[in-house]
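Please look over the model below. This report covers a helix pair, a strand and a further helix.

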Amino acid sequence: MIAVLSGSISSGSAAETEACPISDDIVITAEDAFFPYSGLYEGELRGFAVDIVSAAFEEAHCSVSFNIMPYNRCMREVAQGRQLGCFDTTGSEENRRNYIFHEVPLFYGKILIFAHPDNTEAFRPSFFFEKTYSVVRGYTYTDAFDADPAISKIEVDSDLQTLALAAKGRSDYAVVYEKVAAFHISNSPELISPEPVPVEELVRFDLYVSFSKMTPKRSEAVAGILDQGLETIRANGTYAEIERVWDDWLTRGLKNGQPAPFWGSPAELK
């Protein structure tokens, strides 16, 4: 487990000039392998969702720090009350039964089905029961997809592996979030070759921080602060600016060797 401060001098200054409603430290767990949303990149915690969470708490006059761990462990420790919250999680029925959620989503993501570029056959619903799908172990896709034993799933540890399996023809399809796929395909062409192509959209999901039901008062209080901050950064343009910077990095900066974005002051994003 690695503790990482959330980013900027301005965040600390905001917390000092106006009091955070919670006096003790806010520590949330970020998953380590869902980049560019949340993950370790060149040894550091980076990601669009990391920046959004940091900026939201800053606007609510609170500082936040992050623990980093694999998604499955992250969710398990939140369920058991050893961690306050974990991101990024879907608002599925199962998750909502097991965790406390804030109202305003961090972001929405598209889950796409990718195929080898030589696979030119139009995707049909019957393929769910005729083909194989590489997926990340423990991730939630849709309730129907996850729970159906008739869908043949090849479980691996990362989206890099799901895409590599599809590229090498070891699975018929890879099921991956659109921006996650864009990062891995651009960053690891030697492993993901030839480049898989999207052939179908599985679902669009809002993603959140899941908070522990073992500490309901604190979880609900922190979730409320996060909602306040998210509403503010959506209204004042901060959210849109962070999104623009990440989109620009994924389309141009990554290929040009630029470092991944990191939330600081608004001036540093421009």
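## Helices α2 and α9

α2 passes α9 in a right-handed crossing. The model is predicted. Helix α2 spans residues 48–59 and helix α9 spans residues 238–253. They pack at an angle of about 160°, and their axes lie 10 Å apart. That angle makes α2 roughly antiparallel to α9, since it is over 145 degrees.

On the α2 side, the contact uses F48, D51, I52, A55 and E59. They meet T238, Y239, I242, E243 and W246 in α9. By type, the residues of this contact are six nonpolar, one polar and three charged. An α-helix has 3.6 residues a turn, so residues three or four places apart point the same way.

## Strand β12

Five of the five residues of β12 are buried, so the strand is largely enclosed by the rest of the structure. Y173, V175 and Y177 point one way. A174 and V176 point the other way.

β12 has pairing partners in β9 and β10. With β9 the pairing is antiparallel, over five bridges. There, I111 stands opposite Y177. With β10 the strands run parallel, joined by two bridges. Here S134 stands opposite A174.

## Helix α6

Helix α6 covers residues 159–167. Seven of its nine residues are buried, so α6 too is largely enclosed by the rest of the structure. The buried ones are D159, T162, L163, A164, L165, A166 and A167.

What covers these buried residues includes β12 (173–177), along with β3, β9, β10, β11 and helix α7. Just after α6, G169 takes a positive phi of about 75°.

Note on methods:
Residues numbered from 1 in each chain as written. Predicted model: local features only at pLDDT ≥ 70, side-chain atom pairs only at ≥ 80, totals over all residues. Heavy atoms only, no water. Buried < 20%, exposed > 50% of the residue type's maximum accessible area, 1.4 Å probe, protein only. Helix = DSSP H or I, 4+ residues; strand = E, 2+ residues; numbered from the N terminus. Contact = heavy atoms within 4.5 Å. Axes fitted to C-alpha atoms, helices over the stretch in contact; angles between N-to-C directions. Parallel < 35°, antiparallel > 145°, perpendicular 65-115°, else oblique. Left-handed = near helix turned anticlockwise from the far one by under 90°. Nonpolar A, V, L, I, M, F, W, Y, C, P; charged D, E, K, R; others polar. Pairing = 2+ DSSP bridges.
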